[in-house]
Amino acid sequence: MIPRWSKYNFLFRKEGHCFLYSSLSNSFALLDDETYDLLCGVRDGNQSEITDNDLVQTLSHMQAINVDEDLVINLIRFISQKRKFDQESLYLTINPTLSCNFRCPYCFETEHHDRFMSDETEDAIISYVKKKGSLKHLNVMWFGGEPLLGFKRIKSLTNRLSGIVENYSAAMISNGYLLTPEVVASLEDLQIRMIQITLDGLATSHDKKRCLKSGAPTFDRIIDNITHCLKNAPSVRIVIRVNINNDNPDDYLQVYDYFASNGISGVEVVPGFIVDRENDIPTCAFNHKQIVNFACKTFRDHKIKSISFFPSIMRNSCSARNINSLVIGPDGELYKCWEEVGRNECIVGNIKESTYNRGLMLRYTAGIDQLDDSQCIECRLLPICDGGCPRVRLLNKYEGRHLETCHLLKDGMEDLLYCHYLSKRQKTTE
Ligand code: SF4
Ligand code: SF4
C-alpha cells in the first residue's frame, strides 16, 4: 500500500536505538534498523510503498499513517470546547485567608496581612454553588496565604459544600507548619485527598527561606507533622515540592534522599521548577531545555524519576480557560489564575455581587485559544498539548510579552522518551 506519513510522528534514533512516537495516539514503538530505514524513506518521500501488511497494520493502529488532519483538528476543538463549557463540574480554589505565618522572601502575599474570609463571603460561595443546578462534581483546592490559618473556615465551608454536591473532593496547598494532630484527625471528614507542602531544601537552606515571621526555623516541625500525617491519615497523598532553579538544583536530590534514608515512605517528592512568568529573559529560573536536562540527568545518574517521561494528553489541563473554574479571595474577589491572587488588576468579579469583568473573563475563556494560534495548528504536539499556561498566553497576546508557552516536549521529546524507554528496560531487568 502507498502510505501517507502523519505529521504527528516523531521518528528518531538515540544511542543506537530507533523509535517511533505518534502524538496522535500517544503511542511509542521500538524499531529495528531495517524498519527505521524504511520509515525514514516513507517520511522523506523516497519510499512509496510498504509491502509488509503487519507493519501497515501496526502503523495504522498507531495512527502514524493516512491521517485526516482536518478531522484531528475538529476533534481536538470539540473535546476542548466541551470541557470549557462543561456545567457538570466546578473547580474552586478557595483562599480562606491571604495571611501567612511564614515570611518567605519571594512571596507575593507579604503585603496582604490579616485578610480572613467573612461569614458573608462564605454564604455567597454557598449560594453560588447552590444555584448551579446541573452540578455533579465539585473540586476544591484550599489555598492562601496559609490556608490552615483559616482552618475553622475550611471546616464550615466543607460541611456546607459537601452537602450540596454528590461528588465532592478537596486538596490543599499548605506550608505544613500547622498540620497538627488535630488537623490530621479531621482530614478524612474534610475529604482532603492531597496536601502539597513545600520544602526548600534541607533544614539549613529551608529555614533560611521558609522561616516563621519571627525568623524561627520550621523544617523540623514540618517533618514531624508529615510523619504524623503519614501514620494517621494514610489515605491522604502527601506531595513534597522542592523549589529549584539554576542556583540550587541539588536541593531536590538532598530532600529526596532525606526521606529515603530516614525511612519515611509514602511521600512523593517532586521538583518545583521555578519558571519566570514575569520577565521575558529569565535570570536564574529554568527554561524548558534546562528542565529536560535536569530530569534526564537525575534519572541517569540517580535512577530517580523526578517527572513523568511519557507524555500525557493535556486537554484544558489548567482550568483557568474554563467557565467552570474560579479562584476566590477572602473578600469574595474572583480571579482566573492562582498566581493572580492579591493583584487588583486581575480581579474578574466578586462572588458577593455577581458582577464580572467581562473583558478579562472572555480573554481567558475565548481570547487565548490555542486553536486560533497558527503555530499550534501546525505543531506536531497539538494532539497532546493544550497550548500551555493560559496566563502566559494572555500576557503574550494582550501585553506584548514573549514568554515561553510551549510544552516541555517541544524541545525535549527525544530525550524524555528515551529516558522512558530506559526506565521500562530497567524495570524488566530488575
Ligand atoms: S499560572 Fe498558568 S497554569 Fe498556573 S493556574 Fe495560572 S493560568 Fe493556570
Ligand atoms: S503551545 Fe507550543 S507545543 Fe503546544 S501546541 Fe502550541 S506550538 Fe505546540
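**Ligand shells, domains and sheet of a predicted model**

Ligand 1 is surrounded by C318, A320, C337, W338, E339, C389, P390 and R391, where a residue is near a molecule if its C-beta atom, placed from the backbone, lies within 6 Å of it. By class, six residues of this shell are nonpolar, none is polar and two are charged; Ala, Val, Leu, Ile, Met, Phe, Trp, Tyr, Cys and Pro count as nonpolar, Asp, Glu, Lys and Arg as charged, and the others, Gly among them, as polar. The shell around ligand 2 holds 13 residues, of which C376, C379, C385, C406 and H407 come nearest. Its residues divide into six nonpolar, six polar and one charged.

The structure is a predicted model, in which local features need pLDDT of at least 70 and side-chain atom pairs count only at pLDDT 80 or more, whereas totals for chains, interfaces and linings use all residues. Residues are numbered from 1 along each chain as its sequence is written, and chains are lettered from A and ligands numbered from 1 in the order in which they are written.

The chain contains 14 helices and 13 strands, taken as DSSP runs (helices H or I, at least four residues; strands E, at least two) and numbered from the N terminus. The radius of gyration of the chain, taken over C-alpha atoms, is 24 Å, close to the 22 Å that the globule rule (2.2 Å times the number of residues to the power 0.38) gives for 430 residues, so the chain is as compact as a globular protein of that length. Along its principal axes the C-alpha trace spans about 70 × 50 × 40 Å. Of the 430 residues, 32% count as buried, the criterion being 20 or more other C-beta atoms within 10 Å of the residue's own, with 12 or fewer for exposed, partly exposed in between, and C-beta atoms placed from the backbone.

An automatic or database domain assignment gives domain 1 (1-67) and domain 2 (69-174 + 275-430). The centres of the two domains, taken over C-alpha atoms, are separated by 35 Å. To the contact between them, domain 1 contributes 14 residues and domain 2 contributes 13 residues, contact meaning that C-beta atoms, placed from the backbone, lie within 7 Å. On the side of domain 1 that touches domain 2, strand 1 (9-14), strand 2 (17-22) and strand 3 (27-31) each supply at least two residues. The residues of this side comprise nine nonpolar, three polar and two charged.

Ten strands form an open sheet of mixed pairing in the order 9-8-7-6-5-4-10-11-12-13, two strands being paired if DSSP finds at least two bridges between them. Strand 9 (267-273) and strand 13 (355-356) stand at the edges with a single partner strand each, so one side of each has no neighbour in the sheet. Strand 10 (residues 325-328) pairs with strand 11 (residues 333-335) in the antiparallel sense over two bridges; V327 has Y335 of strand 11 as its bridge partner.

Two leucines were examined individually. L98, in the loop between strand 4 (89-94) and helix 4 (119-131), counts as buried, with 26 C-beta neighbours inside 10 Å. The C-alpha atoms of L98 and G329 are separated by 7.7 Å, although these residues are 231 residues apart along the chain. L55, in helix 2 (residues 53-61), has 16 C-beta neighbours inside 10 Å and counts as partly exposed. Leaving aside neighbours within four places in sequence, L55 is in contact with T35 and I50.

How values were computed. Two residues are in contact if their C-beta atoms, placed from the backbone, lie within 7 Å.
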